[in-house]
Amino acid sequence: MILEQVAGLKRLRRMAGARRWRRVLRPALVVRVAIWVLMLPRAVGAEDTAALNAPLIVRLDAATAQQTDAMLSSVIRTQNTDGVYSPGDDGAVLLTRPILATMAIDAYASSHNTASLAQAANSISRYYSYLFSSADRDGDHLIETTTTTTTREMRIEDPAFNALLAVDTRNLARINLELRRPMQALYWYDGARAVERAVVAGTFDADDNYCFAHDAVSGQPIRRFTPAAALPAQFAMVVGENYAERMRAHVIDWAAHASANVAPADRAANAIDFMSAVDVLGSGDHAGVVEALRRIMPLPSAVAMPVERYALARARLDIPLADDDLVFGLFVSLERATPFSDPERFRIEHAVPDVRALALAPITPMLPVETAANSIAAVYSTLATLRDRLRTTSFFGPDDKKAYPGGDPNIAAQRLLDDVTMLLHRAENRLFEMRYADQGVHAQVTLPEDRVVVLDNFDVRW
């Protein structure tokens with residue numbers, strides 16, 4: 001009935017009664033129906049073929065990406081049945097500075113080798129599952145590592161190791177989302193955010209504005225200023241900018257004494273330290289310090305060890321090791337598991353890029369104020385719907401729960417929505433600027449006591 005009305009079949013049928021008109025009318029009828037079908041409204045971007053992640057930017061040249069891929073493959077081949085690696089001299093540094101998933105996603109951005117990425121994701125997942133189950137004896141989400149002091153060898157919850165692990169676990173979640181494994185991506189994202197919060201809660205010293213491990217015997221902090229221990233400054237949903245800038249000040253002091261001339265056995269670790277320092281300082285107003293660091297760093301040469309070459313090449317890019325953009329990809333994957341109508345899905349998935357730009361862009365995006373307000377409202381309403389549905393046990397089906405490596409995906413999804421809410425608050429702040437900055441209106445806040453971190457209570461004077 002609808003086709004007959006749209007294509008005018010009844011009228012054309014009468015006209016086509018004469019044999020002499022059939023050659024003319026039949027092609028016309030086919031063209032008209034085809035045009036009608038193509039003009040149907042569709043939920044563009046709501047299909048499963050649309051990308052969940054923002055497009056990957058090429059980070060490494062082809063030769064470095066190939067060498068990194070080959071080195072990761074050699075490390076993966078040393079994995080035993082428990083998931084533990086036993087790499088040779090080339091990859092031994094990865095046991096003390098875990099950047100396995102970060103290397104894999106960076107190599108993939110250049111090579112687009114999906115098979116190699118999937119192999120790395122499976123292997124790294126086994127290794128980190130081993131760490132979280134066997135190397136965290138007190139269950140506080142901080143991995144205990146062996147370190148040597150001037151007096152003895154002991155096991156500590158090293159903030160540098162755990163901060164790198166949090167960054168790498170977040171990139172492992174990104175890899176799984178890239179491979180369209182949303183349940184595994186949700187699991188590793190939830191693990192990353194747990195480690196991020198544990199590093200700050202367990203090692204952050206508010207008096208020195210840095211993260212220190214603690215001696216289990218004396219209870220005193222082990223004062224080591226390594227760049228990786230300042231990576232929590234990048235955990236924007238855990239550490240506020242008031243503390244992040246003070247942490248960066250210690251890295252600036254480290255950079256003033258940094259040296260590229262180290263023993264050959266330590267060059268890979270030194271390169272990762274440079275990479276961590278550049279990442280920490282890249283978010284602040286420290287372009288001059290970053291350029292000075294890059295001048296004293298050696299260039300990544302073809303004869304350098306693979307990890308060293310990768311870290312030196314990566315440290316020359318103004319791309320963070322990990323960011324909060326992953327949250328929106330996971331949010332969209334949850335939205336696609338909800339039975340929204342096509343028009344609703346169309347509206348939601350066109351609102352998410354606007355909110356992403358408002359929350360994460362370093363400058364105010366060129367969006368109309370009304371468009372920005374409507375996009376924020378659309379994501380808020382989607383959040384409310386998802387929260388209501390997550391309260392039911394039937395949101396994730398049996399296949400989803402089987403694919404989820406942990407206990408309850410509903411709880412992890414609720415915590416993800418908490419992070420989306422925090423980013424929505426940032427987007428609303430940017431919208432406030434867009435609405436009223438031209439009129440000279442601004443908000444000023446004074447913190448009588450600013451020695452707080454996220455989720456702590458504090459007083460505010462407006």
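Are Tyr-210 and Phe-212 buried or exposed? Tyr-210 is buried, and Phe-212 is too; buried stands for under 20% relative accessible area, exposed for over 50%, and partly exposed for values in between, using a 1.4 Å probe and protein chains only.

## About the model

This is a predicted model, in which local features need pLDDT of at least 70 and side-chain atom pairs count only at pLDDT 80 or more, while totals for chains, interfaces and linings use all residues. Residues are numbered from 1 along each chain as its sequence is written, and side-chain values use heavy atoms, leaving out hydrogens and water.

## The nonpolar core

Let's turn to the core. A nonpolar core is a set of buried Ala, Val, Leu, Ile, Met, Phe, Trp, Tyr and Cys residues joined through side-chain atoms within 4.5 Å. The largest one here has 123 residues, and Leu-94, Leu-100, Tyr-128 and Leu-293 have the most contacts inside it. Helix H7 (residues 159-178) supplies the largest share of this core, 11 residues; helices are DSSP runs of H or I, at least four residues, numbered from the N terminus.

Beyond its neighbours within four places in sequence, Leu-94 is in contact (heavy atoms within 4.5 Å) with Met-71, Val-75, Ile-99, Leu-100, Met-103 and Val-307.

## Aromatic rings

The structure holds 12 aromatic pairs. Rings of Phe, Tyr and Trp (its six-membered ring) pair if their centres lie within 6.5 Å; planes under 30 degrees apart are stacked, over 60 edge-to-face, and the rest tilted. Tyr-210 and Phe-212 make a tilted pair, 5.8 Å centre to centre with 45° between the planes.

Why is the pair of Phe-395 and Phe-396 edge-to-face? Because their planes are at 85°, with the ring centres 4.9 Å apart. Ring pairs also link Phe-132, Tyr-187, Trp-188 and Tyr-404 into a cluster.

How values were computed. Helix = DSSP H or I, 4+ residues; strand = E, 2+ residues; numbered from the N terminus.
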